[in-house]
Amino acid sequence: MEQKTTYIFRLVNLIGLIMLFFSIFLEWYSFQMYDFENNLLVSWSYYFFTAWQTPFSTSSSLNTLMKPESASIPFMINIILIIAILAAGYVILFKNIDQAKTIRNYNKYAYINIFLLLLIGYYVIVCPVMYLVPNELYFPLLSIRDYDLEVIRVYSIGSGYILQLISFPLIFPYSAFYYKTISSFIQQERAPEKMLQKTIQDSQEFLDLDKYIAKEELNQERDIGMPEDEVNPILTTFMEGRK
């Protein structure tokens, strides 16, 4: 039952990673403006790798004039997110903690999952606060009717943001389980009883009693003057009998 639950968590996590990967290439945020007859006058969409994009030509003066202020997320952060997604996918597929022989060696993989969760939090929470709100780009969804200009301004999150929002609860359960399992194992290893037992074991020297006894009897035989060619067969027979 526990293995089945873990398998489900891994599958859900993998689905979340796939959704998160595709979110990078989809529209993350959009700003549009309509007249009261619902004709589209202005349209701008934000993508991580191309920043603000518009379906209108550059000759549209109103659309160009209403382009949102630069709110570009650092390009390197997007690259780091892709790397983190691929690394987390590797952990899910090839570093199953249920099949680990030495859990301690899987410690670094747990931090990959935690780092990815922090990155998702950065895109879902920090980015809107740092890049949207200061530029008067309302979040997550707002429609404003301007009766003076007779237009409707629509601010909304895009499909990319929605996928990121959904991916977080899909990735979180197995990531938390992975980290908790390793942390509990390391904590048990560091318990005073375990550390004391390990110290005692490391300090003990293995004594080959059979070999020690054989050497002592050999020394005694030599002391009484027995020839060496007679001593060696006796030593060999004694050692074989001890095995």
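This is a predicted model: local features need pLDDT of at least 70, side-chain atom pairs count only at pLDDT 80 or more; totals for chains, interfaces and linings use all residues.
## How α3 and α4 pack

Helix α3 (residues 75-94) packs on α4 at about 140 degrees, with the axes 9 Å apart; axes are lines fitted to C-alpha atoms over the stretch in contact, and angles run from 0 to 180 degrees between N-to-C directions. Helices here are DSSP runs of H or I with at least four residues, and strands are runs of E with at least two, numbered from the N terminus.

The contact (heavy atoms within 4.5 Å) includes Ile77, Leu81 and Tyr90 of α3, and Tyr109, Phe115 and Tyr123 of α4.

## Helix α4 itself

## Two backbone details

Phe139 and Pro140 are joined by a cis peptide bond, with omega about 0 degrees. Pro140 sits in the loop between α4 and β4 (141-146). Asn38, which is not a glycine, has a positive phi of about 70 degrees, and its place is the loop between β1 (29-35) and β2 (40-47).

## About the model

Residues are numbered from 1 along each chain as its sequence is written. Local features need pLDDT of at least 70 and side-chain atom pairs 80 or more, while totals for chains, interfaces and linings use all residues, and side-chain values use heavy atoms, without hydrogens and water.
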